[in-house]
Amino acid sequence: MSVQPIPSVRGCALIGAGGHARVVAATLARLGLSLEAVFDADPARAGALLGGVAIAADAGRTDIPLHIAIGSNAARRRIAASRPGAIWLSLVHPDARLAPGVEVGEGALIGMGALIQTGARIGRHAIINTGAVVEHDNRIGDFAHVAPGAVLAGDVVVGEAALIGAGAVILPGLHIGVGAVVGAGAVVTRPVGEGETVTGAPARVTARS
C-alpha cells in the first residue's frame, strides 16, 4: 500500500460537519489521530459539537493537516482548489483491506470494510466508502466517490468526480466518464460517457449533463 507520507502527524482538522464528517471523525479516532478542529461554511452549524469539537466558521486555514469530510464531489474539488498550499491527509480505516501495490492519493478516504485489490490507484480526495470493493488495477479518478457496497470488477476506470452509487456493480474493463453518475444498485455492462447518468440492471442512460 502506498499512501502519501506526512511526517509526525498526530491529528487533523476536518472541513465539513455533516453526516460524512461524523464517519471521518470516527475513522480518525480508530486511527489514534486527534480531531484538531472542524470547519463548516454553514453558520447554522457554528458552535455545535462534532466528535467533541465545536464547529467553527471556515477561515481557510492551511497551517495544519486537513481532510475534506464532504460527500459531494463538486464541493471537495472546489475546496481543494481554493487551498493550493494545504496539507491534505489521506485516511485509511484500520478495518479496510488494501493489497500490496495499492496507491492512495492525497486527501482520499478509504472507509471501514472497503476492499482494494493489487494495482489499484485511488485518486486525490476520492472516497471509497463503507464496504466497497475495488478490484485489481482499477483507476479511481480524483474527487470520485464509490458509495457503500459498490463492486468494481478488474480494470475499471472511473473518471474524475464520477459517482458510483450504493450497491452498484461495474463489470470488468469498463470506463466510467468524468462526472458520470451510476445509480444505486445499477449493473453496468457497457461504458458510461462523460456526464451521463445510468440506472437499472442492466444500466441504461437516463440523463446527460
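# Close-up views of a predicted model

View 1. D40 is found in strand β3; helices (H or I, at least four residues) and strands (E, at least two) are DSSP runs, numbered from the N terminus. This is a predicted model, in which local features need pLDDT of at least 70 and side-chain atom pairs count only at pLDDT 80 or more, while totals for chains, interfaces and linings use all residues. Residues are numbered from 1 along each chain as its sequence is written, and side-chain values use heavy atoms, with hydrogens and water left out. At 10% relative accessibility, D40 counts as buried (buried means under 20% relative accessible area, exposed over 50%, partly exposed in between, with a 1.4 Å probe and protein chains only). The side chains of D40 and R45 are joined by a polar contact of 3.0 Å. A polar contact is a pair of N or O atoms within 3.5 Å; within protein, one must be able to donate a hydrogen and the other to accept it, and residues adjacent in sequence count only if both atoms are side-chain atoms. A polar atom of the D40 side chain also lies 2.8 Å from the backbone nitrogen of D42. Leaving aside neighbours within four places in sequence, D40 is in contact (heavy atoms within 4.5 Å) with G16, A17, R45, I55, A56, A57 and D58.

View 2. Five strands form an open sheet with mixed pairing, in the order β4-β5-β3-β2-β6; two strands pair if DSSP finds at least two bridges between them. β4 (49-50) and β6 (66-68) stand at the edges with a single partner strand each, so one side of each is left without a neighbour in the sheet. Strand β2 (residues 11-15) pairs with β6 in the parallel sense over three bridges. The bridge partner of I15 is I68 in β6. Helix α1 packs on the sheet and touches β2, β3 (34-40), β4 and β6. The direction of α1 makes about 175 degrees with that of β2; axes are lines fitted to C-alpha atoms, for helices over the stretch in contact, and angles run from 0 to 180 degrees between N-to-C directions.

**View 3. Two nonpolar cores.** A nonpolar core is a set of buried Ala, Val, Leu, Ile, Met, Phe, Trp, Tyr and Cys residues joined through side-chain atoms within 4.5 Å. The largest one has 35 residues, and those with the most contacts inside it are I110, I128, I140, I164 and I176. Not counting residues up to four places away in sequence, I176 touches V157, V158, G159, A162, I164, I170, V182, V188 and V192. Another core of 17 residues lies apart from it, with C12, L35, L50 and I127 among them.

**View 4. Salt bridges.** Side chains of opposite charge can pair when their charged atoms come close. A salt bridge is a side-chain nitrogen of Lys or Arg within 4 Å of a carboxyl oxygen of Asp or Glu, and the structure holds nine salt bridges. In one of them the side chains of R30 and D95 meet at 3.0 Å, N to O. This pair links distant parts of the chain, 65 residues apart: R30 is in helix α1 (residues 19-31), and D95 is in the loop between β7 (91-92) and β8 (97-98). R30 is partly exposed, with a relative accessible area of 45%, and D95 is partly exposed at 38%.

E160 forms a salt bridge with R77, with the closest N and O atoms 3.0 Å apart. This pair also links distant parts of the chain, 83 residues apart: E160 is in the loop between β18 (157-158) and β19 (163-164), and R77 is in helix α2 (residues 73-82).

R208 and E196 meet through their side chains in a salt bridge of 3.3 Å, N to O. R208 lies in strand β25 (residues 204-208) and E196 in strand β24 (residues 196-199), so the pair ties together parts that are 12 residues apart in sequence. R208 counts as exposed at 63% relative accessibility, whereas E196 is buried, with a relative accessible area of 12%. E106, R124 and D142 are linked in a network of salt bridges.

**View 5. Backbone details in loops.** P202 has its place in the loop between β24 and β25. H125, a residue other than glycine, has a positive phi near 60 degrees. H125 is found in the loop between β12 (121-122) and β13 (127-128), and counts as buried at 1% relative accessibility.
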